[in-house]
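Here are my notes on the model you sent over.

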Amino acid sequence: MLLKDLYQGFRDPDTLHHLAKAIALEAKKVTGDVNIMEVCGGHTHTIMKYGLLQLLPANIRFIHGPGCPVCIMPKERIDHAAALASMPNVILVSLGDMIRVPGSNGSLAKFRSQGCDIRPIYDPLDTLVIAKDNPDKTVVFFAIGFETSTPMTAVLVEQVIKQQLDNVIFHINHVLVPPAIDAVMAEPNTKVNAFIGPAHVSVISGAKIYQAAVNNYHTPVVVSGFEPVDVMESILKIVTQKAQGKAELEVQYSRAVSYDGNQAAQQLVNKYFQVSPEFRWRGLGPIAQSALQLKPEFSHLDAEVRYQGRLPVTLIDDHRACQCGDILRGLANPKDCKVFGRGCTPETPLGSCMVSSEGACNAYYRYGGLNEEQR
Amino acid sequence: MTKSLKTVQLSHGGGGKEMDQLIKSVFFEAFNNPILCSEEDAAKLHLSGPVAFTTDSFTVAPLFFAGGNIGKLAIAGTVNDLAMMAAQPEYLSCSFIIEEGFAIDDLVTIVNSMAAELHQSGARIVCGDTKVVPKGCADGLFINTTGIGRIIYPDVSANNIVAGDAIIVSRDIGRHGATILMAREGLALESELTSDCATLWPIVEQLIAANIPIHAMRDATRGGLSAVLNEWAKASNIGIDVNESAIPVADEVKGLCELFGFEPFDLANEGTFIIALPQAIAQGAIEVMQRYGHCQQAAIIGHATSAHSGKVVLTTPWGSHRYLDLPQGELLPRIC
């Protein structure tokens, strides 16, 4: 595969203008606002980074959802990671910008600067190399992400078992999209009346995971890719449904998403993981059956079991001034927050919606001013 | 003899016979010039008129990458800092911090590529230092270079940009950052991507010779195009508008950015520079640049404006606008 093939065709100006015109025509047929929640921070960034708001009519509005693995991570889980990394002879590895998220005693980057061995990795399987290179150390994989990244963790678990590596353990923070949607819709004041679903989640889980939301809340759900043309086409599908008074599940990203998803990946996840009774989401609070944990037969690989009693148990709420919780629930816009851009910036984030590159506040801070002014 | 040993030993940094052999057989042989070889405590230089003075340390991993190595980078980087002040690079110092066990053959390759790169500008290394640190105390090799150059054209400054100035980029952006990323992560993707690492003095010399009135000039190293434009917008108290369609980016770099969630505007360059100059002369400057190698893709990418002072605004190919902000923190891949 050539690198240039990854993006071509999905940013064509003529196509985007055509889609914008079609959306405007359909939007005129709709009474009231179309309040679309883009569950995933990746979509938030597409909308802000490519200035899509400027191409849309005023009755199309966006509400930024809880679908960023960094944003929804409560501080006590970061504190777990910091505690593990601070133990002697432990190497903590994790994906992406988890390293920048503040826990109650600072971010993993701060702990790394104090001498803890914390390594950001690009591919979970890099953990195997680190483990083999450091047989006298315990390597903790701090697993994060939604349905998209869980199969990669499952592959790592499988390889650790197959290769009989006895120095790799897991701290599991894999969460699920549908319970988060339920939590958003359970909010009495919610304005959300349509969803854009993240395509990468459905590549694994299939479009089927949103069927219940369509049925229960009578809202259109369109599973969408992340390129500007993908998002605009998904908006058109939503607005068309609204104009016709429909609420259906549609797949815009048909080039990779099926109704049932990747069965092999789902089987692999089911082999090693089970739904945990509860996970405390940052901003949303505890949500029943909203995350995964290793099955009991693999508990010897579970850092929370292995280090039970040695990990902090205090639940840490957000800074009082931080409105990440309301933003994640769709009740507030980043700019509604009193500390946005003042006490809370990407350099000195109070909340993880600002620190995460997938976060709504980060997207608004980086790209937002101009979008708002020109809307 | 030092060359009979395959790796650098702690004794090579001890100030004794082994160190003398290393310096003579590796460094003096490559950087040979009378000032360096006089072996005084300090180099004796003849300077007159305004001079530019700069220093930089190089810690790249991996040390060898497509299109260059840490040595080429250490020369091009410092020489370019002088060139961007319209100063002809003349004298460089060079300090090596070498990890015990470093392969002598690799050191010779790096030093020879430094000597070759010096020929591009005519600058000379006139003093230096060598330290060897125990295994584990450095990542192979660190190089520091300091440079002095004679200022040929005195009015180049980040503070000198005025509304209406054209903004020119010398070639496609983001190659160095993308090349290092690919080498570091061992991506199994088809690509012939190479770093843009190069000495810029020859082309700057031609621009000055052509009487191009340059207001500001900067090589877009760490922080990439975004960092330079934001620094200029603040330093000159102007706004900058850039047109995304006009910014040259290699397909491979665009693809890599998609894969990792980066932006080409944020990626490092090591042989790409940005110029601000009067709009009326912009096309003439482009023609001078395109006549010389390395700048065939030189392009006007935008202009300075009195609106949105201190901010850089990017216009997308479909006509929407957004701020082009400074890159932040470590470049880490997105999670999902």
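1. Two strands count as paired if DSSP finds at least two bridges between them. Strands (E, at least two residues) and helices (H or I, at least four) are DSSP runs, numbered from the N terminus. With that in hand, look at chain B: strand 7 (residues 166-169) and strand 11 run antiparallel and are joined by 4 bridges. Within this pair, I168(B) stands opposite I300(B) of strand 11.

2. A word on conventions. This is a predicted model, in which local features need pLDDT of at least 70 and side-chain atom pairs count only at pLDDT 80 or more, while totals for chains, interfaces and linings use all residues. Residues are numbered from 1 along each chain as its sequence is written, chains are lettered from A, and side-chain values use heavy atoms, leaving out hydrogens and water.

3. Strand 11 of chain B also pairs with strand 9 (residues 239-243) of chain B, again antiparallel and over 4 bridges. Here I240(B) stands opposite A304(B). Is strand 11 of chain B enclosed or open? Of the 7 residues in strand 11 (residues 299-305) of chain B, 5 are buried, so the strand is largely enclosed by the rest of the structure. Buried means under 20% relative accessible area, exposed over 50% and partly exposed in between, with a 1.4 Å probe and protein chains only.

4. Now to chain A, where 4 strands make an open, parallel sheet in the order 6-3-7-8. Strand 6 (117-121) and strand 8 (168-174) of chain A are at the edges with a single partner strand each, so one side of each has no neighbour in the sheet. From one strand to the next, the twist averages 20°. Helix 6 (residues 150-162) of chain A packs on this sheet, touching strand 7 (138-145) and strand 8 of chain A; contact means heavy atoms within 4.5 Å. The direction of helix 6 makes about 160° with that of strand 8 of chain A. Such angles run from 0 to 180 degrees between N-to-C directions, with axes fitted to C-alpha atoms, for helices over the stretch in contact.

5. Strand 3 (residues 90-95) of chain A pairs with strand 6 of chain A in the parallel sense over 5 bridges. In this pair, V93(A) has R119(A) as its bridge partner.

6. Finally, chain B is divided into domain 1 (10-151) and domain 2 (158-323), with bounds from an automatic or database domain assignment. Their contact takes 22 residues from each of the two domains.
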